[in-house]
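Let's take a walk through this model together. Have the viewer open and keep the sequence handy.

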Amino acid sequence: MTETEQQSPPDSFTWTRAHKIGLFALCLAGLVDAIDVTVVNVALPTVQRELDFSAADLPWVVNAYLVLFSGFLLVGGRAGDLFGHRRIFLGGVVLFTAASFGSAVAQNAFTLVVTRGVQGLTAAFIIPMTLALIAIMFPEGKPRLLAMAVWSGAAGISTSLGLILGGVLVDGPGWRWIFWINLPIGLVLVVSALMFLPSGTSENKSHKFDLIGAVSGTAALCLIAYGMAQTDTHGWTSGRTLAILGGGVALLVYFVVHEWFIAGEPIMPMSIFRIRAVSGANAVSALCGSAMFGTFFCATLYQQEVLHYSPLKTGLSFLPLTAMLLVVAALGPLLVKAMGLRYTMVLGSVVSAASLAWFTQISADGALLTDVILPSTALGLGLGIVFFPIMTAGLMGVSAEDKGLASALLNVTRYVGGALGLAIMSSFVTSHTADQVKSGHAPDIALNSGLHVGFAIGAGLMAASAIAGFILLHGVNHEDDPVEGASAPAVAA
């Protein structure tokens with residue numbers, strides 16, 4: 001792709017073969033990496049039996065990925081801005097594919113957890129590059145809105161599609177195929193990137209890498225994510241949990257001070273938060289992520305442990321949600337044009353909150369249609385509406401040199417928020433269920449009651465997302481997004 005193609009004004013933009021194939025590759029990369037966060041959920045019982053996982057260690061098949069992914073997102077996003085977006089994307093894809101091979105052939109619990117951690121670490125370098133390269137390939141206006149709508153649709157269905165794929169593979173060829181399928185996909189991505197993706201930021205100029213900022217920021221996020229992930233075995237008020245979370249918060253405070261006042265070339269310039277659209281989008285992203293991760297956890301638990309569905313039936317039950325997400329995400333640009341970013345985001349959050357309130361009515365002898373499919377479809381409608389404006393607002397007013405950083409921030413807030421929401425919701429579900437069992441209720445009835453509490457918390461988080469979007473995105477209009485390189489963003493607070 002030539003520089004002229006990358007920088008052509010919106011009114012003269014022409015979709016070339018490189019644009020179409022490049023966008024497909026970026027959506028596929030984002031989809032595969034995001035799916036790998038959730039695809040193993042329905043396989044965990046099978047993995048536990050085959051690799052002899054203890055009950056305490058089993059959650060780390062998921063948590064190892066999440067902790068390193070969340071911790072290294074800022075470094076991954078900034079690395080692309082400094083050393084070339086395509087170069088970092090390619091390196092991440094190659095290492096992610098190699099880690100997938102390691103997970104596919106793992107013969108013990110330790111190997112699987114380590115390779116899953118490497119998958120999460122390398123995904124932290126891939127995901128930010130997908131959004132950054134889209135912002136570079138497509139000019140402001142209709143071309144970028146359309147490209148972002150396509151990417152948002154793929155990203156939006158990642159969680160539910162991961163559950164579907166996991167169920168199909170576990171009941172079919174086996175859980176190892178969850179990782180084997182990443183190998184041919186990795187090859188396709190490498191070839192597509194070399195042929196059709198632009199290099200992004202110049203790869204030839206010298207840079208000063210903010211090592212102190214990178215180490216402190218990464219350590220802070222890793223400690224916070226780890227502290228929340230281990231609350232299933234060590235309570236929120238235990239000395240261990242408080243020490244880990246306290247250390248993470250202390251490092252995060254130092255990181256902010258270092259980036260704002262000390263670093264010459266900060267890994268995360270704090271000036272980016274002066275852009276109102278970026279700040280608002282990340283706040284909503286954190287709240288939506290916290291509700292989403294916990295919700296899919298509760299929904300999967302309800303179907304497998306209360307209704308006793310098989311992994312395949314559990315996965316397939318998410319098909320209506322996935323279909324709704326795809327349809328609504330495709331309408332994202334039209335909704336934003338008609339309602340604006342602010343009100344589209346609020347509408348999506350309100351619909352999502354209502355669907356989670358619906359989930360609080362599920363029963364222990366529930367029916368597939370009324371207790372699973374209908375509220376799930378409503379949730380797909382809400383998430384489909386909210387996802388596109390989040391991704392669009394999160395990159396508004398950001399210079400080309402900071403696109404990777406802005407993209408990484410969206411994912412940091414989503415996944416760190418998701419880890420927090422999952423930890424909170426699972427903790428309340430577990431404690432309430434235990435109380436119900438002690439009161440003499442049957443296990444199914446007790447767990448169903450605990451899940452009511454979890455879904456109620458999710459509904460509250462989505463309601464908070466609506467309030468945050470309404471307040472923080474006041475005055476933000478996607479039509480005011482400045483031309484690349486403008487010195488004073490029109491959306492700056």
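Which helix gives the most to the nonpolar patch? That would be helix H12, residues 239–262, with nine residues in the patch. Keep in mind as you look around that this is a predicted model.

Now for the patch itself. On the surface, Ile 212, Val 249, Leu 252, Val 253, Tyr 254, Val 256, Val 257, Trp 260, Phe 261 and Ile 262 come together as a nonpolar patch. Together they have about 930 Å² of accessible area. If you want a spot to start from, pick Val 257, which sits in helix H12.

Next, the helix packing. Two packed helices are described by the angle between their axes and the distance between the axes. Start with helix H5 (residues 85–104) and helix H6 (residues 109–137): their axes come within 8 Å and cross at roughly 155°. An angle over 145 degrees counts as roughly antiparallel, and H5 and H6 are therefore roughly antiparallel to each other. The crossing of H5 past H6 is left-handed. As for what lines that contact, sorting the residues of H5 with H6 by class gives 15 nonpolar, ten polar and two charged.

Finally, the charged side chains. How many salt bridges does a search of the whole structure find? The search turns up one. In that salt bridge, the side chains of Glu 50 and Arg 176 meet at 3.3 Å, N to O. The pair links distant parts of the chain, with the two residues 126 residues apart. Glu 50 belongs to helix H3 (residues 44–51), while Arg 176 is in the loop between helix H8 (158–171) and helix H9 (177–180).

Methods
Residues numbered from 1 in each chain as written. Predicted model: local features only at pLDDT ≥ 70, side-chain atom pairs only at ≥ 80, totals over all residues. Heavy atoms only, no water. Axes fitted to C-alpha atoms, helices over the stretch in contact; angles between N-to-C directions. Helix = DSSP H or I, 4+ residues; strand = E, 2+ residues; numbered from the N terminus. Parallel < 35°, antiparallel > 145°, perpendicular 65-115°, else oblique. Left-handed = near helix turned anticlockwise from the far one by under 90°. Nonpolar A, V, L, I, M, F, W, Y, C, P; charged D, E, K, R; others polar. Patch = residues over 30% accessible without salt bridge, like charges linked within 9 Å, V, L, I, M, F, W, Y side chains within 5 Å. Areas by Shrake-Rupley, 256 points an atom, 1.4 Å probe, with all protein chains shown as cover. Salt bridge = Lys/Arg side-chain N within 4 Å of Asp/Glu carboxyl O.
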